[in-house]
Each structure stands twice: as structure tokens, then as C-alpha cells.
Amino acid sequence: MVAATQATANAAATAPPAVAVRDLTIVYKTPAGELPAVSNVDLYLPAGTITGLVGESGSGKSTLALALLNAVQKPGRIATGSIDVEGLGNLVELPAKRLQEARGGEIGYVFQAAQNSLNPLKTVGKQLLDLGRSHGVKDRAGLVRSARQLLARMGMDAARVLDSYQHELSGGMRQRVGIMFALVLNAHVLVLDEPTTALDMISQANVLSIVRAVHAERGLTTLVVTHDIGVVAEVAEHIAVMYGGVLVEQGPTEDVLRAPKHPYTRALINAIPRVSGDPSVARPLPGRPPTLETIPKRGCVFRERCAVYAERNLPECVTEQPPMLPVADGPGRLVACHAVGTKESVR
Amino acid sequence: MATVLETPTGTTPTVTPARQGFWRNLWRVLRRKPTRLAGSLIVALFVAMGVIGPFLYPANLPIDAGNAYAGPSGSHLLGTDFQGTDVLALLVTGSRYVLVAAVIAAACTVVVGTGIGLYAGYRRGGPDSVLMRITDFIITIPGLPLLLVLSTLWKYSNPLTMGLVLGVTGWGSVARAVRSQTLSLRERGFIEAARGLGLSTAHVVRKELLPNVAPYVAMNLLISVTVYIYLEVGLFFLGVLPFNENNWGVMINQAVQNGVTQTGQGLSYLLSPLVAILLLTLGIVLLVDAMDEVFNPRLRED
Amino acid sequence: MRKLPLRLAGHLVRALVMIWVVATFTFFLIRQMPGDPVAAQYEQLVQQGMSPDGARNATQLTYGFMPTGSTWSQYTHYLWRLLHFDLGRSTQTLGVSASSEVLTGAKWTIGLVLAGILLSFAIGAVLGVIAATRRSSGTGDALTITGSLFHAIPQFVMALVLITVFTVIWPVFPTDGNVDILVDPGFNGPYIASLVSHATLPALAYALSMFGSYLLTMKSSVISVLGDDFVLAAELRGLTRGIRFRYIARNALLPLFTIFALTIGFMFGGAVFIEKAFNYPGMGVTLVNSIGHRDYSTMNATFLLITAAVIVANILADLLYTAIDPRVRRGGTAGA
């Protein structure tokens, strides 16, 4: 088992990543000036993999997800950095027309189930045709056929769904329709924003198995943005952990979850209650995640809640943001922490 | 962290804090936006005009036949009418009828509308449906034509009659709104809780329902005054009602009949009552804006 | 779509009931007039030497129903004649039936009110969009305040001001009437031009007094829709600007149709003022004149027709809204 993941990880590591985010900084305009929601993020999504982006609310993960379509909403904007997508180049520099084609055509975005991502006044089928028209699809019948196949694949009555309005569909159905819209034009990158939030447990399991299946069948590169580590553990091969707009740890899911190096990741895992055994073993992380205004401008963003800093008080933690550096534990493992690497951290 | 409980010292004030707070709140809100202060001044001015105005002039206004249709001048601030009577005098003496009738109409509307709305919302079921059907009916019937038809029956020479008739035709929307307020209060459990405590219907209505619908009703009262002013002035303007004394609508009617719109002479005679109406409306709108803020304080926008 | 016929049936029943109530009301109203005019005419004719039968027939001709007999029989006869659209004859314009008297005016009123509604809808919607998109700037505020202000101005004031400005101070438009009588009626250029020029100011008076509600509603609607998820979703799915614009527009326009019905009643009510001010020969003027001349049959007919017009317009507005909004047309969620 270990050898297999090692091999795929190696293969993935040598092939060019489908999505390469380099030094990305996204700022928001506030009365107090432009504040960063995402700071100097380097994120690589190897082709054909599923990566899970984990963070609390306000960590900047949703903003990062939108950036993958160059769709950060005002008053935010991409300040520096590049987002290279295979076959498209740097999204930040794409001309508007090409960007419009890429959205949906090559990169698909799936909204949360709770959101109403469909026009309430038109049937699903009509909106599908609008999608086709916007992307210059000539074979409309073929498009409808693909949509039907996708819908059926996800366990829905395709004919009825295409003829329905949004208010006639349940939350789970709407989400699956959203997945259909994201994939019907054969995109090769898929971004899902909180796919399991607002769904009951059974629907959650359903959605995740659908995501896994379509990902494998179509050879997609998928990014799942969530606050739920369980989702990442279940479906993603890679995990990236975000806090206060900064990526603090990345690596193969199993390795990271089994042996987390960053104090935040460790705290997240420690906070998960176990199904069996003593529930008081789970320890919540004291304090609150930072907001745009309270993110420390100097030094490590996690400093104030960090158990390791409380214990060791490293001066670097106050003065500079730790760089994301590879650790010796395994390929593809990156951690941004001053305490890691200087000395083996105490469990 | 220790908490300290402060024990009240001294005697409680005799004026209930709520009532005191309202006036103080109102004053504060009025001061915040100068336009509101202007609004209340305007309203006060018109009220004064209506109450004391007619006492300032003799019963029969002097006619200055040689000076008809004059424009504004030193001796006649707003010009003269077709008989040479001073327009300002006409305006002031004509205000009482208009204002009194409008206030009576508004009061009537509010009383009937609130009563019906509260009853329908409180009782629900059969009486509610019946009352709402009637209310819908009243709302749909075009008000002005109805008033015109009714004018054949009653002469509105008395502002009281005029007020009553207007009020009877216009309570529809107030009833609807009060009813939906009552229903939503019902949803919030006020009524059930009070009944559960064994409180009588009268108490529930007085202490729970009325204070909650009162703000809306108060603002509506003021707005209705403006609507009723238009209606009655309009009715007189149309010339369907016989008049024995002057009022704003009569002024407009006479102005048009005597060809002001054709010749352009005596423009101030036509425009003065119009401007007066607009001014009063403006004042009331601003005042209502202030009251709205008192009852529904919003976060400051700066 | 199954619900539509049911809704329609419900509306029709309510409408008929309302018309019946109004007709009954006016019937008894006329009887209450000081000096019951129906009986009075009968008496007068008999005094003048007509036979009782002849007098009865003549009075019936005037009022549409039998002037003698018990009140109940008169009432039922009245209703019967009403169903045949016979409301008697006009006493001011001899030889003309009341209903035709009213109908000649009706088409002018309806035409004008329609023009006014469409104008105010269009002006309000367009300005509302601008007010929404420029809401942080001075333009947006100015538009909003203008809308509220105009809305507060009573219709006859608006009419008179327009008359004063555009016919007296700056004579651009004709002062009254609906068309120049010197021009031959028909589908020719000068006639139509004359029609339009006479209708402009009155329609404008309607429009200016009502556009405020449309403006304010559109503004808040656009602001709300722009924040909706599906707008962002459309952008993220790569839909073209044109298609996205249409998505936003149709959703934003929806609330305007709900106030459509309200404005209709208002307009018809105000028709009286505006037609009188502009001397436009519509139902409003007919009503006022009939009251002035004590022509009760015409008054009755006019009042009924105006009420009927408002009711029909309300029904149409409701049906229109049902047709446009699929949430109303096909409510409820399908199974998971």
C-alpha cells in the first residue's frame, strides 16, 4: 500500500502539475486599507489527483478557490502571483474572451448545496442550452445527451430534471445538477466549494462517491475546498491546510494526517472526537481564527494560538512568516513552521 | 471576573420611562438631520395656520375689483384672485376646512382600519375571511369615482361630513396591514403566552397588540392626512361639490375656471394652493421619516 | 399549468360578485337621492298628461328598469336589464343609451391609462437600474429622491403644473381635447399625429405621478438580484455577458409586476382628475359631467364600467404574474 502511494506520488511529482499557483496574494479593500485574504500561496495540483484544501471559515480557502477561475469578487483583487493552468497559461493574464471560454469549458466550479446556483426563472434544460450557446457548442443534441448521461450516472431522472425549475429540486439534487454543469463541457479541472456542507450524512456519502467516480472516469484534476477533515480523509490523495490566508502544511493525505508536522494541523486533528473511547480526549483549539483585520502583519499568522510557540518562544515566530519548506519525512511534504526542522517537535 | 450588581438608589421617576424616552428620542432624531426639523416646523406652521389663521381675517374678505389677477406685490404677497381678493388671505382662511377634514378622515380610517385589522387577525377563521373579503372589496373599488358618486347624496359643506365619508372609503389598506402585523405577532407567541397566563382579551389587545402596531398606525395616520388632502382638494377642483366657503380646492377650481391656464394671468392664484399642498406634504414626509427612525432605529450609515 | 384555469375561475367569481355588489349599491343609491329621481320622473310625466303605462315605459327607458312595483321586483328587473347591458338612457344627451355614452369615453380612458402605465413602467425600470448601479454616487441618490418626490405629488397637481408649463409658459402642446376636430379621423398621418400630441401631456401626467414606485422597486430589486448566487454562478460557468444580463434583468423585473396591480387602481381613480384638467373626453369626464347634470343612468353606467375596468385589469395583472413566475405557476419541490 505504501509502495503504491509512493509510486503514484513520484509519478505525480515528476509530471507538470495541472494547476500551479505561485506566490499568490489576494487583497481586499477595507476602510483600513487593502488587507490580504491570501498571502504568498504556492499550491501545486498534480494532474489526475484530488487535493483537499482544509481551513476554518475566514482562512481564505474560498477566495483561493475563486481565484482558480480568476473570479475573485470585488472588493477583492489578485495583487501578485500567477495561476498557471495546463493548456491555458497564466489565468491572471488571459484575455477576457479566453477566460470566459475557460470557465466551464476547461475549469468547472461546483457551488455548495445550500446556494441557489441556478436561475430561478428558467428550467435546467434551458440553462444548459444557454451554457452551450455561450461556449459556441454547435452540437446541441450531443450536449444534451452528455448532460443526460451525467445526470443518470448520478442517479437522477434526467428527463424530469432537465424539465424542472430550481425550486422543484431538493438541495442534493441541485448540487448534482451543479456538478453536471461543471463537467458537461468536458472540463479537466474541477473545483468544489464545500460539497458536503448543508447535506445530511447519506447525501454527503453520495456526493463524495460521485466525486470520486467522475474524477476517476474522466481523469480530472480536482480541488475540494472544505472545513471538514473527514471529507478530505475520505476522498483526497493530497491535503493542503490553510490558516489566516497562508498555507501551513501540504502533502499526501495519509502521511499528513498520520504524522502532522505543523502545530495547527496537529491541533485540528486533536480536536476531532473519536467514535470510540473517551470523548474527552478530543481537545478544542483555544482562541478564534483571525479575521481580515486581525491577521498579524508580521511573523507567523498562527503564533497566538500555537502551543509550540507558547512553549518555546522562538524569536523568528515574531519577526517573519515561516517559508514553506520540504521536510525530510517524504516526497511532496511541505510545512511552513519555524519550529519544524530545527528540532524534532515534541508530540 | 466578578460581576457587580448595582442596586437602584432613590425613587423611581413618576413619568413612565418609555413615554419620556419617546419624546427625547424624537427630539434627538429630529436634530440629527436638519431636514427633519424643517419638516416638523412646516407641519407646525400649517397647523397654526389652520387653527388661528381664520381669526386673523374678517369674515368677508375685502374685494379689490380693480386689481384682479395681480401678481405678487408688496401689498398682496401672493397676488390676487379674479375678484381682487388677496390670495394669501384666501390661502390662510381656506386652510381650516382642508386640514380639519383631512385629520378627521385620517382618524376615522385609523380607528376603523385598526379595529377591523386587529379583530380579524386576532380571531382568524370565519370572521377573518369575511372581514378580509369586505376589505378587499373596499380596496378594489376606485376611491375617487366612489366619492364622486357619493357626493350626489351628501353635500360636503361640513368638514366633519367630508372627513367621515373619506374615512369610510379609505380604511382598506390600513386594515390589511394591521391584520398582517397582528398575525405575525401571533406567530411570535405573544398572544398565546398572554392567554396562557389567563389574561383577558381586552388586556391582550391593549397591552400586547396595540403597542406593537401603534408605530405603524401613527405613521400611517400622518401619510393618510396627505392623501386625504389631495382627495378633498381634488374633489373641489372637479367642481362637483357646491361650496359656500373658500378652501384650497375651490381656489384651484376657480382659477382654472377663470382661465388661468389659458391666459397665464393670475398664475400665483393658481399656484399658491398647489405649492401649499406640496409644502405640507413635504413637511409630513420628513416628519414621518423622523418617526420611522425613532421606531425602527437603523445603524448609522456613516 | 394545471392551476391556471382554477385561478381564473376564482377570479371571475369574485369579480362577478363585486360587480353585483356595486350594481346593487348604485341601485339603492339612486333611490336614496333627495327626491327619488326615478319616482320623480314618473310622477312628472303622469302630471304632464301621459298615461301611467306610457309614463312607466318612458321612465323605464331612462333608467332601464320598471319604476313601479315593489322594490324587490324593481331590483330584479334592474339586474335583468343589467345583464343585457341596458342601463337606461342618458338624460343629458338625448337619444343615447347610457351604456353607449360610457363606452365612447371608455376607449379614450383605457388608451390613455395604458399609455401612462407603460410609460411609467419603462421610465421607472430604466431609471431604477441606473439608480441601483450608481447607488454610491450622487446620481443614484438624486434619482431615488426624485422618484419619491414625484410620487408624493398628487395627480391633478402634476396635471396642472404640466399644463401651466407646457401650454401657457411655453406653448408646445395643445391645451385640451383629445384630437384636433378639424382633422379628418382615420388612419392618416395628421390624425394620428394630432392624437399623439394631444395625448402626450396627459399620459406624461400619469407617468410622472407613478414612475416613482417603479423606480424604487426596481432599484431595490436590482441590488438584491445582483447579490444572488446564480449571478456569480453564471459568471463562473462562462456564460456570455448578454445572457447574464438577461438573467439579471428578468429576475429584477419580477417584483415590478406585483405593484402593477396597485398602480392600475390608482391610475383609474386619477383618470377623473387628469381628464378634467386636460378636457380629455374619457370616462372620468363622463362621470363628472353626469353628476353635474344629474344624469343618474349615465353615472351608474360609468361607475360600473370604471369598477369593472379596475377589476379586469387586476385579474389580468395577476394572470400575467402567474405566467411569468414559474415558482407561482409550478410550486412545490419534487422528491429527492
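**View 1. Where chain C meets chain A.** In this interface, 21 residues of chain C are in contact with 29 residues of chain A, contact meaning that C-beta atoms, placed from the backbone, lie within 7 Å. Helix 9 (229-236), helix 10 and helix 13 (326-329) of chain C each give two or more residues to the side that touches chain A; helices here are DSSP runs of H or I with at least four residues, strands are runs of E with at least two, and both are numbered from the N terminus. Helix 9 of chain C gives the most to this side, with five residues. By class, the side of chain C that touches chain A has nine nonpolar, five polar and seven charged residues. Here Ala, Val, Leu, Ile, Met, Phe, Trp, Tyr, Cys and Pro count as nonpolar, Asp, Glu, Lys and Arg as charged, and the others, Gly among them, as polar.

A word on the model and its labels: it is predicted, with local features needing pLDDT of at least 70 and side-chain atom pairs counting only at pLDDT 80 or more, while totals for chains, interfaces and linings use all residues. Residues are numbered from 1 along each chain as its sequence is written, and chains are lettered from A and ligands numbered from 1 in the order in which they are written.

**View 2. Where chain C meets chain B.** Turning to the other partner, 37 residues of chain C are in contact with 26 residues of chain B. Among the helices of chain C that each supply at least two residues to this side are helix 1 (3-32), helix 10 (241-278) and helix 12 (296-324). Helix 7 of chain C gives the most, with eight residues. The side of chain C that touches chain B divides into 25 nonpolar, 11 polar and one charged residues.

**View 3. Helix 5 crossing helix 10 in chain C.** The axes of helix 5 (residues 98-133) and helix 10 of chain C come within 9 Å and cross at roughly 135°. That makes helix 5 of chain C oblique to helix 10 of chain C. Residues that meet here include G116(C) and F121(C) in helix 5 and T263(C) and M267(C) in helix 10. By class, the contact has 10 nonpolar, three polar and one charged residues. Look also for F260(C), which lies in helix 10 of chain C. F260(C) is buried, with 20 other C-beta atoms within 10 Å; buried means 20 or more such atoms, exposed 12 or fewer, and partly exposed in between.

**View 4. The eight-stranded sheet of chain A.** This open sheet has the strand order 6-7-8-3-9-10-12-11, with mixed pairing; two strands pair if DSSP finds at least two bridges between them. Strand 6 (107-110) and strand 11 (325-326) of chain A stand at the edges, each with a single partner strand, so one side of each is left without a neighbour in the sheet. Strand 3 (residues 50-54) runs parallel to strand 8 (residues 221-226) of chain A, joined by five bridges, and G52(A) has V224(A) as its bridge partner.

**View 5. Strand 9 of chain A and its neighbours.** Six of the six residues of strand 9 (residues 238-243) are buried. H238(A), A240(A) and M242(A) point one way, and I239(A), V241(A) and Y243(A) the other. Strand 9 pairs with strand 3 of chain A in the parallel sense over four bridges, and L53(A) stands opposite A240(A). Strand 10 (residues 246-252) of chain A runs antiparallel to strand 9, with six bridges. These two strands form a hairpin with two residues between them, and G244(A) in the turn has a positive phi of about 55°.

How values were computed:
Contact = placed C-beta atoms within 7 Å. Axes fitted to C-alpha atoms, helices over the stretch in contact; angles between N-to-C directions. Parallel < 35°, antiparallel > 145°, perpendicular 65-115°, else oblique.
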